[in-house]
Amino acid sequence: MEFRSARGAVLQLLRTVAPADLPALIEWMRTTRDFDEFTQDNNDIMLKNIAEDLRNCLPLDTMLSSEHLSLRKIEQQPEPTVHVDAFLYDEDFIDSLCEEGKMSRNYCMVCGSHQTAPLGFISHSFSLVELKFIYHHVLPDLSGKVLVDVGSRLGTVLYGVLHADICTQGSLLQNADVIIMNNVFEYFLDEAEQARAWECISHNVRKQGSLLVTVPSLEDSLSRLQINIQLSSWVEEVTLNYDVYPEKHIDREALEQIHLYKIL
């Protein structure tokens, strides 16, 4: 069926809906994710295939026993918290795991009772929506540009991995046109090591006009550290439009954690 006939069929179907139910149906059509399978492009399919491959290689919480500091910081959260990788497990996938009994969104506040409270979820990877927001609405055309992803965990930003201390990669940082950093140090380095890493980055990321994407903001990342980095003479924050996805199921708070800076 070609477009014109399909449009007519949809409109005709809407005319048969009971008037009292029509607003609810239209609202569902505006906000539902049931149409995702018809609107996905090849990039979405590739990313979901990558996520599926990674899920088959990693434990459910995607945490390794060697991640001592990260595990300890999760345990220190004010509420019971589990690590759920946002790239591997979107909300629909989590729902299916909960239905199968493989994951829970709640914990028992009094063992053996029905008094429960929501579990806290934490992720060290970008979700699919966050990745699309960065590439479609935050960054310019990257043709011919050098992009460096610092500490992407599962490599969801850039599938080219260099396993090394960032402080040994001065030349790479100096030549980068775009650097993306997603919560890279707080959960994986103690405060002294975090300060050392940030000093190294601020010393080497000096190419005028290059871009720095961070989660959370630089102000938040540096405020907890004893460090002397003058942001006003190093970077200028670029205002982002967080309203590009009007759908209700989009986590706007997560998008608002993404910040863009231009190197002065």
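Student: How many cavities of 30 Å³ or more does the structure hold?
Tutor: Keep in mind that this is a predicted model. A cavity is a space where a 1.4 Å probe fits but cannot get out. With the cut-off at 30 Å³ or more, the count is one.

Student: What volume does the largest cavity have?
Tutor: Volume here is the space filled by probe spheres set on the grid points. For the largest cavity that comes to about 100 Å³.

Student: Which helix and which strand each supply at least two residues of its lining?
Tutor: Start with the lining residues. Among them are Gln194, Trp198, Thr214 and Val215. The helix runs over 191–204 and the strand over 211–215. They are α9 and β7.

Student: Is Thr32 buried or exposed?
Tutor: Thr32 sits in the loop between α2 (22–31) and α3 (36–39). Its C-alpha is 8.5 Å from that of His249, though the two are 217 residues apart in sequence. The relative accessible area of Thr32 is 16%. The limit is under 20%, so Thr32 is buried.

Student: Which backbone nitrogen does the side chain of Asp85 reach?
Tutor: Asp85 is in the loop between β1 (81–83) and α6 (91–99). Asp85 is buried, with a relative accessible area of 0%. Its side chain reaches a backbone nitrogen at 3.1 Å. That nitrogen belongs to Leu88.

Student: Which element gives the most to the largest nonpolar core?
Tutor: This core has 31 residues, and Phe126, Phe133, Leu139, Ile180, Val213 and Ile258 have the most contacts inside it. Elements that each supply at least two residues include α4 (42–55), β6 (178–182) and β7.

Student: How many residues are in the second, separate core?
Tutor: Ile179, Ala197, Ile201 and Leu225 are among its members. The core counts buried residues joined through side-chain atoms within 4.5 Å. Its total is 23 residues.

Technical notes:
Residues numbered from 1 in each chain as written. Predicted model: local features only at pLDDT ≥ 70, side-chain atom pairs only at ≥ 80, totals over all residues. Heavy atoms only, no water. 1 Å grid on protein atoms, 1.4 Å probe; cavity = no way out; pocket = protein on both sides within 12 Å on 5 of 7 lines; lining within 4 Å. Helix = DSSP H or I, 4+ residues; strand = E, 2+ residues; numbered from the N terminus. Buried < 20%, exposed > 50% of the residue type's maximum accessible area, 1.4 Å probe, protein only. Polar contact = N/O pair within 3.5 Å; in protein donor to acceptor, adjacent residues only side chain to side chain.
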